[in-house]
Amino acid sequence: MTYEHEMAQALLLAESALADDDVPVGAIVIDPDGVVIGRGRNTRERDGDPTGHAEIVAIREAAAVRGEWRLEGCTLVVTLEPCTMCAGAIVSARLERLVFGAFDDKAGAVGSLWDVVRDRRLNHRPQVVSGVLAEQSAAMLQAFFAHHRKD
């Protein structure tokens, strides 16, 4: 499975974060049958919440839909490599798989700076698929930050 269709959905969510002048990151959680049960985008600026990362928002929604915190068998698709907080949440939620687009050289915790989700000391390690539609995700992020550097 290439996850390009799912990543395209996450990219649309990322784009919607721009309306609140937030970093354009989007995420979805897919259940084992391929049904989207969680959607998220960065909401830090809108909500004034430092935990308002796309992954956390999507994981919370998926857990509410399932009625439990364990998201076994589910896949998280996110446009940007998760940070340490989000990587920890992915492990804690027992997600089966993580799919992400662009690597994050400044805060990435799935191979760039750290590799939290594959740390053998943890009780759960999801499968990882990286680089899905990475160019589109990176371009959106680069445009966002270029615009903010001019202001």
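Reader: How many bridges join strand β4 to β5, and do they run parallel or antiparallel?

Author: Strand β4 (residues 97-102) is joined to β5 by three bridges, and the two strands run parallel; strands pair here if DSSP finds at least two bridges between them. This is a predicted model, in which local features need pLDDT of at least 70 and side-chain atom pairs count only at pLDDT 80 or more, while totals for chains, interfaces and linings use all residues. Residues are numbered from 1 along each chain as its sequence is written, and side-chain values use heavy atoms, with hydrogens and water left out.

Reader: Which residue in β5 does L98 stand opposite?

Author: The residue opposite L98 is V128 in β5.

Reader: And the sheet, what's the strand order?

Author: The sheet is open and has five strands in the order β2-β1-β3-β4-β5, with mixed pairing; strands are DSSP runs of E with at least two residues, helices are runs of H or I with at least four, and both are numbered from the N terminus. Because β2 (36-41) and β5 (127-129) stand at the edges with a single partner strand each, one side of each has no neighbour in the sheet. From one strand to the next, the twist averages 15 degrees.

Reader: Which strands does helix α3 touch?

Author: Helix α3 (residues 54-66) packs on the sheet and touches β1 (26-30), β2 and β3 (75-80), with its direction making about 150 degrees with that of β2. Contact means heavy atoms within 4.5 Å, and angles run from 0 to 180 degrees between N-to-C directions of axes fitted to C-alpha atoms, for helices over the stretch in contact.

Reader: What about α5, which strands does that one touch?

Author: Helix α5 also packs on the sheet, where it touches β3 and β4, and its direction makes about 55 degrees with that of β4.

Reader: Switching topic: how many salt bridges?

Author: The count comes to five salt bridges, taking a side-chain nitrogen of Lys or Arg within 4 Å of a carboxyl oxygen of Asp or Glu. One of them joins D20 to R41, whose closest N and O atoms are 2.7 Å apart.

Reader: Where do D20 and R41 lie in the chain?

Author: D20 is in the loop between α1 (4-17) and β1, whereas R41 is in strand β2, so that the pair, 21 residues apart, links distant parts of the chain.
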